[in-house]
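User: I have a structure open and would like to go through it with you. Can we take it piece by piece?

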Amino acid sequence: MTMELGRDKTALVVVDMQNSYCRADGRMEKLGFPWERLAAAEPGCKTMVAAAREAGVPIIYTQFVYQPDFKDGGFIVNEIMPSLKDVGLCALGTWDAEIIDSLTPEPGDTVIQKNRPSAFYSTQLESVLAAMKVKSLVFCGVTTNMCVETTVRDACQRDYRCFVVSDAVGEVDDDRSEVALMTMGFFFARVLTTDEVLDSWKVELSNVA
Amino acid sequence: MTIELQKENCALIVVDMQNGFLDAKGSMAQSGFDWEKLAAASPGVQRLVAGARKADVPVFWTQYVYEPDFRDGGVQIEEIMPGLKEVNLCVAGTWDAELHPDMKPEDTDIIIEKNRPSSFYSTRLESYLRSQGIENVVVCGVTTNICVETTVRDASQRDFRTFVVRDAVGEVDDFRGQTALKAMEYLFARVMNVNDVLDEWGVELSNAA
């Protein structure tokens, strides 16, 4: 049995496609992470955004943002990865926290700011989805094993039908990337390619046309 | 920098150590999963529980339980893994859903029933932890990559100082098991051995109790 994707009651979620992660002078690069591997998600995300606009599928962007003094960083920032604070990762009001130019949200899109890996925890995402009566979510963005996967786990157990676009996500390690897609496909989502999503949405589009 | 485990304001969370996962006749075994890899978590879990008793650390047991007609199964049961319904995974009131006989909850322990991978989502766990002033959680049980990891991700981003015990967890697939520990260590938890936990709690067990 295959979980089918359509465009009705569906939204595209673009996770954390920010300068910090996807640009050479972003803060992730200062921590020594290979930003190119995250920027590799950019073409796929651009395709997904363009397709969603054409299909009339609403677009939701998530944006990782910390207070400049990181008082909202908590256990993850203070104890697990204090270096995030040292480099000022995604600090509010900085270029680092902005969504990359090629994916700048348009009027009518929704931007959800978050300060934890899950876009559901302590954010407005769930109320926005409920108000829009969305039941299915298509995910792209970064990073596959961290914010994408944590958000997908949360979405699925809240009974959203989840689809992850394998060629529109990015991760810095091969093994974590591979297992993230395997895990999401195992119990939390259906893993698709951009072409497969385009096919699903084209069918819907041609029906309308 | 080491994230120190304290026994003050600490709780042990034992995830899903049930017949359905750990026994040769359980529903996971019937689904073709390698139950022995899950049962392998049992000795470590038993030592942690014994240590927690000695250290006066409260023990929370989670228990995966579905309604007999699976009306509470949602997307995961209906669309992702319908086979779980056919083997009657962890149905309320059945032997499959009971904690394994090697697990010995005491009357004062809290048992948290859940029907989603996270022990936090839609359960009473967080209110119990907060009301007892718990700030540190040690997590063990099964399966490493699914219910343990989803629970750990949720605990960490709720700012519980989170510890996972690598020799007291189990997963049916080695690659997913190992990489799950790596992902948790990366951003969500400190990964420890049972002996490290006992040392930092300041307890010694006689005869590998």
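User: Which strands does helix 4 of chain A lie across?
Analyst: Helix 4 (residues 42-55) of chain A lies across strand 1 (10-15), strand 2 (59-64), strand 4 and strand 5 of chain A. Helices (H or I, at least four residues) and strands (E, at least two) are DSSP runs, numbered from the N terminus. This is a predicted model: local features need pLDDT of at least 70, side-chain atom pairs count only at pLDDT 80 or more, and totals for chains, interfaces and linings use all residues. Residues are numbered from 1 along each chain as its sequence is written, with chains lettered from A and ligands numbered from 1 in the order in which they are written.

User: At what angle to strand 5 of chain A does that helix run?
Analyst: Helix 4 of chain A runs at about 135 degrees to strand 5 of chain A. Axes are lines fitted to C-alpha atoms, for helices over the stretch in contact, and angles run from 0 to 180 degrees between N-to-C directions. Contact between two residues means that their C-beta atoms, placed from the backbone, lie within 7 Å.

User: And helix 8 of chain A, what angle to strand 5 there?
Analyst: About 170 degrees, and helix 8 of chain A also lies across strand 1, strand 2, strand 4 and strand 5 of chain A.

User: What is the strand order in the sheet of chain A?
Analyst: The order is 3-2-1-4-5-6, six strands in an open sheet with parallel pairing. Two strands pair if DSSP finds at least two bridges between them. Strand 3 (110-114) and strand 6 (190-192) of chain A are the edges, each pairing on one side only.

User: How many bridges join strand 4 to strand 5 of chain A?
Analyst: Six, between residues 136-142 and residues 161-170 of chain A. In strand 5, A:Phe163 is the bridge partner of A:Val138.

User: What does A:Leu12 touch?
Analyst: Leaving out residues up to four places away in sequence, A:Leu12 touches A:Met48, A:Val49, A:Ala52, A:Val57, A:Ile59, A:Ile60 and A:Val138.

User: Switching topic, how many residues of chain A are in contact with chain B?
Analyst: 27 residues of chain A are in contact with 28 residues of chain B. On the chain A side, the elements giving two or more residues are helix 5 (74-80), helix 8 (144-157) and helix 9 (174-187).

User: What about chain B itself, how many helices and strands?
Analyst: Chain B has ten helices and six strands. The C-alpha atoms of chain B fill a box of roughly 45 × 35 × 35 Å, taken along the principal axes.
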